[in-house]
Structures are given as C-alpha cells and as structure tokens.
Amino acid sequence: MTQSPTLSRRSSSSSSPPLPRKSRQRGADARAGYTFLLPWLLGFIALTVGPMISSLYLSFTNYNLFEPPKWIGLDNYTTLFQDERFLQSVGVTLSYVVFGTPLKLAAALAVAMLLNSKRKGQGFYRSAFYAPSLIGASVSIAIVWKAMFGDSGPVDQGLSFFGINLGGWVGNPSMTMPMMILLTVWQFGAPMVIFLAGLKQIPADLYEAASMDGAGPVRKFFNITWPMLSPVIFFNLLMETIHAFQIFASAYIISNGEGGPAGSTLFYTLYLYLRGFSDFRMGYASAMAWLLVVVVGIITLIFFKTSKSWVHYSGDSK
Amino acid sequence: MTTMATPTQPKAGGTAPVQAPEYNPKSESVGAKRAKSVIFHIVALALTAVVLYPALWMVASSFKPNAEIGGTNTSLWSSNFSFDNFTTAMEGIGGVSTLQFFTNSLVLAIGAVVGTILSASVSAYAFARIKFPGRSALFGMMIATLLLPFHVVIIPQYIIFQQLGLVDTYIPLLIGKFLAADAFFVFLMVQFMRNLPAELDEAARIDGAGHVRIFTSIMLPLMKPALISTSIFSFIWSWNDFLGPLLYLNTPEKYPLPLALRLFVDQTQSSDYGAMIAMSVLALLPVLIFFLVFQRYIVEGVSTQGLKG
C-alpha cells in the first residue's frame with residue numbers, strides 16, 4: 001500500500017530512458033488512481049476542506065451575508081459562553097446524548113441477545129424492530145410523535161388509564177426531553193442489527209465450555225459476550241454518540257422550529273441553524289459549528305484512548 | 001476501526017446470514033424447549049406491538065375523522081373509517097398539489113441515487129484497486145469525514161451557492177451526490193471491492209485490459225449487492241432529508257415532501273390533524289414500500305456494512 005517515493009518520482013519524469021515495466025506501470029497507476037478519484041477529490045476539496053477553512057475564518061468575524069465579514073478575533077467564542085440560549089442548547093444536547101445513547105444501545109443489545117437464537121420468526125422480528133430506524137428521523141414521524149405525546153394523545157390517555165396524569169408531554173418543558181429520548185430509543189433497530197451480526201460471530205463452543213464449568217447467564221454475559229462483542233459495542237457507541245449530537249429535523253418539527261417550550265428542545269444544531277439562517281449571524285454560527293467539531297473530535301479521541309482498556313480485538317476473529 | 005462491523009464476505013445475489021451452529025444441550029427436555037420457545041414468542045410479539053404501535057397509530061389515525069384523533073376514541077379502529085383525510089391531503093398546500101411535492105421528492109431522490117452510484121463506485125475503485133502515492137493518507141481523510149459533523153461546512157457552502165445564484169435550485173442538493181460527498185457509500189464500496197479476489201484484476205491486466213475495462217466489465221457486475229444497498233439507502237436518505245431543502249429551497253413549487261409537510265403544519269396550525277397525518281403517511285409510503293420489497297437487502301446491508309438507518 002505504501003509507495004516508495006523514489007520510484008514514483010522516477011516514474012513521473014518523462015526524459016528517462018525506457019523504464020522497467022514495473023515503474024511504467026506505477027506511473028500509469030498513479031495517473032489512473034487520481035483520475036478515478038477525481039469526483040471524490042473535487043468534492044473533498046470544494047465541499048469539505050475549503051468550506052471548513054472558510055468557516056474557521058468566518059468564526060473570527062462578524063458576517064451577515066450582505067456586508068463583507070469584519071474581523072473580531074475571538075469575540076464570537078467569548079460571547080458564546082455568556083449566551084444563555086447557547087448554554088441551554090449545550091445542556092439540552094448533552095442530556096440527550098448522555099441519556100439517550102446508552103439507553104438506545106442497551107435496548108439494542110438486549111433485544112439482539114433475545115433474538116440471537118435459531119428460532120422461527122427471527123427474520124420477521126428483526127425486520128419489524130429495524131423498521132423505525134428507517135423512518136424515525138423523518139418529518140412524518142416527528143409529526144406523529146408530536147400528536148401521540150400531545151394533550152389527550154394516546155400516550156396521555158394510556159397513562160391516565162394507570163392513574164398517571166402528566167397531560168401533554170409536548171407542552172411541558174420537563175417532559176420534552178424524555179419524549180425526544182423515547183424517539184431515539186424507538187430507533188434501536190439499526191444498532192441491534194449490527195449487534196446481532198456481531199453476536200453470530202461468537203463461537204458457540206465458548207458458551208458450551210462455560211456451561212460445563214457451571215457458569216450462569218450473568219457470568220457468561222460478562223466473561224464471553226461483552227469482551228467478544230466489545231469491538232461492535234465500541235463501533236455502535238461511537239457512531240450513535242456522534243449522530244446524537246447532530247439531531248435536527250425531529251427537534252425542528254416538534255418545536256415548530258423554535259426549540260420550545262422554554263427552550264427545552266433547543267438542540268445544538270437547531271440553535272446553530274437559527275443563529276445562522278434566521279438571524280444571519282453567520283460568523284457566530286460558524287464558531288458554534290467549529291466548537292461542535294472540536295467537541296466531537298475530543299470525544300472521539302477519548303473513546304479511542306479508553307477503548308484500549310475494554311475493547312478486545314482477537315486476532316482470529318476474522 | 002470502522003472495519004470491525006464488516007466481517008462478511010460479499011456474496012452474489014441475496015446475502016444469507018451465517019447461522020451459528022445450533023446450541024443444543026442434550027439435557028434439555030422437549031417440553032422445556034417448547035416452553036422456552038413460547039416465552040420467546042410472547043416477549044418478542046409484545047415488543048413488536050410496542051415498536052410498531054406508532055406506525056399503526058399513524059395509519060389508523062389517517063382514516064379517522066379529526067374529532068376522533070386524540071379524542072375519546074382510543075382504539076385503533078374507528079367505525080367512521082373514511083378516505084376524507086387523504087382527499088384533503090392530496091389537494092396539497094400553498095396552491096401546490098401534493099403530486100407536485102411527490103414529483104419533486106422523486107427527482108431529488110433519483111438524482112441522488114444516480115449521482116452517488118456513479119461517483120462513489122469510481123472513487124471506491126481507486127481506493128480499493130489502484131496503487132498510487134498518497135492513497136492511504138487520502139483514504140484516512142475520507143474516513144475522517146465520516147465522523148465530521150457536517151454542520152461545519154453548511155454555512156460556507158450556503159454562501160458559495162448563494163453567490164453563484166444557485167439558491168432555490170436543486171443543484172446545491174445534488175452536486176454533493178455527484179462528487180461522492182456521502183463518504184459512507186464510498187467506504188461501503190471500498191470494503192466490498194477489497195473482498196473481491198485480486199486475481200481477477202491481474203488476469204485482466206495480463207490480457208491487456210486497462211483500469212477502465214477492469215472497472216466497467218469486471219468490478220461493476222460483481223458489485224451488484226453493494227450497488228443495490230447504496231441505491232436503496234441513498235434513495236431513502238434523500239427522500240427523508242429535511243435540512244438540505246430547508247436551507248436551499250424557497251418556492252413551494254420546488255419543495256419536496258418533508259418541506260411540504262412543514263408548510264402544512266405551519267399553515268394549518270394543527271387545525272386539520274387528520275389531513276396532516278394522512279400527508280405524513282403518504283410521505284412515508286415509498287419508504288415503507290421500499291422496506292417491504294427490499295427488507296432483506298436493507299437489513300443485511302446494515303448488519304454487514306454497519307449502515308445507519
């Protein structure tokens with residue numbers, strides 16, 4: 001995979017005498033490689049790297065789309081930490097990530113373990129549980145969720161049947177977060193399917209040997225399932241956490257694009273959108289975006305660093 | 001790191017799950033086994049009911065008169081079953097018919113599928129099958145974009161498209177698809193192609209075939225499963241996308257369904273619940289049909305490629 005730099009340099013010089021066949025092949029490969037890669041490379045430069053650099057620059061400016069950007073140094077960043085709405089959006093997003101993601105993954109793992117046996121109907125259940133993941137982030141489901149958790153909606157009525165009178169969750173600032181978390185937990189199917197694929201890779205004789213040694217289900221879970229599944233758990237945890245930070249459409253629809261009631265659904269990306277595209281404070285929104293990148297980057301790094309202590313890659317598992 | 005959820009080899013046609021050998025202790029009696037199976041199905045069915053309830057409620061409500069949704073009638077069944085909500089929903093909103101919104105969504109989704117298939121497969125071929133200097137560094141950057149919160153690019157992208165006068169066209173929504181900006185699909189195809197035997201290319205090279213020939217006549221036909229998963233997911237993601245159209249489209253005539261739904265919510269202020277829910281059902285219908293038809297591909301795609309829903 002790694003190229004020796006001397007070879008590639010030699011192959012690209014045109015004045016050289018007839019080259020050995022191998023080097024000529026390499027030169028052709030280099031040209032072909034970049035030609036085939038052209039669409040991605042163009043997109044990467046024009047739609048990712050370029051915009052990232054320019055949003056970094058904009059984050060140090062005051063820019064409203066109509067007048068040229070004005071350099072203000074770190075002002076956007078310092079203002080952020082005095083902006084109560086911003087701090088609220090951080091709190092809302094963090095509680096969503098910290099409670100929603102582990103709950104979703106726990107549900108996914110539990111159901112995957114339930115389904116991980118050769119039984120009739122396994123395929124049906126797997127598909128049925130997966131379906132919400134496909135539609136859960138859509139506007140349609142956000143509308144349905146809002147209706148279901150509204151005043152005298154089915155959830156309210158179901159709970160009052162058991163004597164619990166919470167009223168509508170949508171209008172109650174202390175109930176909107178549980179409602180949003182339920183929406184993400186409801187989409188446990190995608191990580192579940194990935195867990196299920198991981199569970200199938202665990203050799204059955206490990207469990208048989210453990211049974212013969214008299215291990216119960218709890219010990220089997222902690223001594224076999226958890227370590228053997230740890231790479232998959234890590235993958236799901238990382239991806240779900242990163243995605244959770246970026247929730248937008250559901251929050252936008254459920255709160256009519258305002259993040260209410262009382263800012264209880266003012267998710268980070270929603271506030272970023274409002275600042276950037278409703279107030280046209282694009283420098284400020286860029287600072288928010290970069291802060292998100294840094295935070296997600298740090299979290300990813302922490303995940304990878306700590307993973308060494310609990311994620312086990314067995315050499316022969318492939 | 002991302003390879004850990006992709007343990008399976010590509011298979012032509014449908015991919016069947018590899019079943020672990022059945023764990024079957026001889027000590028367990030037939031009766032105990034049957035009891036376990038009954039308990040399993042009771043738990044699993046109860047869970048299915050809970051999981052599918054929101055979808056069932058949505059469909060049931062779309063056939064009910066407004067007064068009964070969230071009213072006294074809590075059962076899914078209504079004796080006042082009617083298509084009225086759908087008739088209202090089909091009329092559309094803001095002077096634009098729902099059929100127009102459907103067409104818009106379809107144009108965007110098909111554009112996304114075509115663009116993604118073309119650009120991702122070509123780029124993936126470079127990453128997976130051609131050796132060139134800088135490949136591993138670029139591949140690493142591609143993986144990094146998978147983890148990058150895309151909000152960091154939306155503001156400059158908007159500014160660029162605004163200056164080019166392309167706001168309120170579909171170009172900003174589609175150009176990224178033609179430039180393989182959804183790194184996930186590139187990654188999926190790279191993983192798939194890497195598992196195809198290297199002898200294929202070597203034999204073709206000896207026969208004098210270049211990369212274009214190898215790509216079009218050897219790789220593409222073998223990549224069918226990966227191309228199908230990519231098509232399905234890029235279609236569904238585009239169909240459900242909300243933020244992109246919200247940023248770039250201003251005229252209702254150009255709205256895809258998710259934006260039309262938002263407009264509907266805004267303008268009717270929840271006064272016509274039934275029609276709103278009927279329209280939500282209509283908007284999800286293609287996704288549900290896709291799911292029913294391709295569920296094997298979709299679920300297998302998720303389990304072998306770690307695709308998000």
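The model is predicted: local features need pLDDT of at least 70, side-chain atom pairs count only at pLDDT 80 or more, and totals for chains, interfaces and linings use all residues. Residues are numbered from 1 along each chain as its sequence is written, while chains are lettered from A and ligands numbered from 1 in the order in which they are written.

Chain A has 14 helices and 2 strands; helices (H or I, at least four residues) and strands (E, at least two) are DSSP runs numbered from the N terminus. The radius of gyration of chain A is 26 Å, well over the 20 Å that the globule rule gives for 318 residues, so chain A is more spread out than a compact globule. This radius is taken over C-alpha atoms, and the globule rule is 2.2 Å times the number of residues to the power 0.38. Along the principal axes, the C-alpha atoms of chain A fill a box of roughly 90 × 70 × 35 Å. Chain A is divided into domain 1 (5-58) and domain 2 (78-310), with bounds from an automatic or database domain assignment. The C-alpha centres of these two domains lie 40 Å apart. Of the 318 residues of chain A, 42% are buried, where buried means that 20 or more other C-beta atoms, placed from the backbone, lie within 10 Å of the residue's own.

Chain B has 13 helices and 0 strands. Buried residues make up 43% of its 309 residues.

The contact between the chains takes 91 residues from chain A and 81 residues from chain B; two residues are in contact if their C-beta atoms, placed from the backbone, lie within 7 Å. On the chain B side, α13(B) gives the largest share, 13 residues. That side divides into 54 nonpolar, 22 polar and 5 charged residues. Here Ala, Val, Leu, Ile, Met, Phe, Trp, Tyr, Cys and Pro count as nonpolar, Asp, Glu, Lys and Arg as charged, and the others, Gly among them, as polar.

The largest nonpolar core has 161 residues, and I143(A), V186(B) and M189(B) have the most contacts inside it. Such a core is a set of buried Ala, Val, Leu, Ile, Met, Phe, Trp, Tyr and Cys residues joined through C-beta atoms within 7 Å. Helix α13 (residues 273-305) of chain B gives the most to this core, with 14 residues. Domain 1 (5-58) and domain 2 (78-310) of chain A both give residues to the core, so it lies between them. Leaving out residues up to four places away in sequence, V186(B) touches W40(A), A120(B), S123(B), A124(B), M142(B) and A180(B).

How values were computed
A residue is buried if 20 or more other C-beta atoms lie within 10 Å of its own, exposed if 12 or fewer, and partly exposed in between; C-beta atoms are placed from the backbone.
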